[in-house]
Amino acid sequence: MTKEIQSDTYTPPPILSNSPKQDLKQGYEPLEGGCTLPNLINKLLKKPLSIVYELEMKNNVGKITCLLLLIATMSFSVFGIVVGTFSWDVQIWAAPLKIVFGLLFSGLICLPSLYIFTCMGGLDAKFSTVSGMLCALMALTGLLLIGFAPVVWLFSVSSTSTTFLGFLLIILWVICACFGLSLVFRSGHALGMANAGHFAVWGLIFLLVTLQMTTTLRPIIGSEEELFNFKEKKFFLTYWSDQVMEEQ
Amino acid sequence: MSMNPFANPLKNAAALCRGKKQLLTDWIEGSHRGSIPFCIALITLGCCSYGFTIGLRHGWEMASYVAIKLPFIIFLTLFINGMLNAMLSLALGSGIGFRKSFQFLLTGFAIMSIILGALSPISFFATLNMPKPGTLDDTTWHGANLLLHTSLIAYAGILAHSRLLHYVRDFADSPSAGTHTFLAWLTGNLFVGAQISWILRPYFVSPELEVEFLRVDPFDGSFYEAVFRAIRNVTNF
């Protein structure tokens, strides 16, 4: 009898999928806790795909996108102020301004290609969803940069080498951007992207654009006579190597 | 999907990039009116905007010239090769006739133009970051500019044609005949397209040369002679 009852009520344990695609979709579920700024920050770090789910389901798309942009702007500003403490003077307000403008402008010029490349990868998402994904990338990257801000501050007060700090900032930016890019990559898979190769190319282009932006809006760290140097145009690798040579 | 592609252009352009078979089936079967003008509009818009960013390094005049010439190369190639493409596809047993082959190739170039159009803001940013011609290291920057745009155009072309191959294999009488037809089209278009682009030069304006719509000697020589000369110069053979 006991055995019969056991067999009737027995439910098999859930099958744990080993499929990598299944893992990539983990967390693609409705957003819990409402569409508020603290909740979005929390979910960006814990369950970022739930934000993409809301965007795709057209639940508060405008509000979520605006809040993500706000998170990105605030985070980049805070990070920029910490970067500005290296030189103080005008850089304390110029560095955050340049970082916020530079990164948002980079996102804006890369948005059309992100949409087309995700389409080429077979993703059937709306333009608003892809825009939201890009905002999520920016917001997550910004949040992670804030996490690194104390480290940057520590080095900015103890080091006098512009080259060293510049190198450190670039490394940190690439690390944080890779987290952001992996979020967009996972979102793409959750939404049905079949071919991720195109997205990898876009990720590379996005990184190159942001790195070039550091040279376009120079100087971001260190103090120079002019706030901007639009007259002398350089490729970022040339500029960086020039800086290293100068300091040596 | 709307019957007229112009009714919802963004949605149709995105569907084209995604490789929606139903959309192309409707276009090929002719049940959707306006597919050819829609592709022509996409090619014009995408190539014009990208061409503009190529020429911008040499000022507004050159930007306008390249914006006009880039879509013109595609239309001229399709016009000159139209008959040949249809004949080749029939001879290779794909069952794709004149109108369909034209529609296929137009669609392929439209996808390429969408990609180029989407890359235009990035190309614009790259151009803004390049020193003006005539300044220091002009030869290096000219080479870098040439390499950047050639790579981007080649990438867009490869992506668009891989999508086109997928379409042609689906629509041909047999997948292998579709592949053969596609390769024949590709060879013919590359062969003729390279010469047309040679005639319509300049685009990047080599250092020490003037900005002009066409060179004074547009029909002097060929693309292949120039490549042969370049190889001979490099190898000293």
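A crossing of two helices is left-handed if the near helix is turned anticlockwise from the far one by less than a right angle, and right-handed if clockwise. The views below come from a predicted model, in which local features need pLDDT of at least 70, side-chain atom pairs count only at pLDDT 80 or more, and totals for chains, interfaces and linings use all residues. Residues are numbered from 1 along each chain as its sequence is written, while chains are lettered from A and ligands numbered from 1 in the order in which they are written.

**View 1. Crossing of α6(A) and α1(B).** The axes (lines fitted to C-alpha atoms over the stretch in contact, with angles from 0 to 180 degrees between N-to-C directions) of helix α6 (residues 91–120) of chain A and helix α1 (residues 9–18) of chain B come within 7 Å and cross at roughly 45 degrees. That angle makes α6(A) oblique to α1(B), a class left over once angles under 35 degrees count as roughly parallel, over 145 as roughly antiparallel and 65 to 115 as roughly perpendicular. The crossing is right-handed.

**View 2. Residues where α6(A) meets α1(B).** A:Ile116, A:Cys119 and A:Met120 of α6(A) meet B:Ala14, B:Cys17 and B:Arg18 of α1(B), contact being defined by C-beta atoms, placed from the backbone, that lie within 7 Å. The residues of this contact divide into five nonpolar, no polar and one charged.

**View 3. The side of chain B that touches chain A.** Here 15 residues of chain B are in contact with 15 residues of chain A, and α5(B) gives the most to this side of chain B, with seven residues.

Note on methods:
Helix = DSSP H or I, 4+ residues; strand = E, 2+ residues; numbered from the N terminus. Contact = placed C-beta atoms within 7 Å. Nonpolar A, V, L, I, M, F, W, Y, C, P; charged D, E, K, R; others polar.
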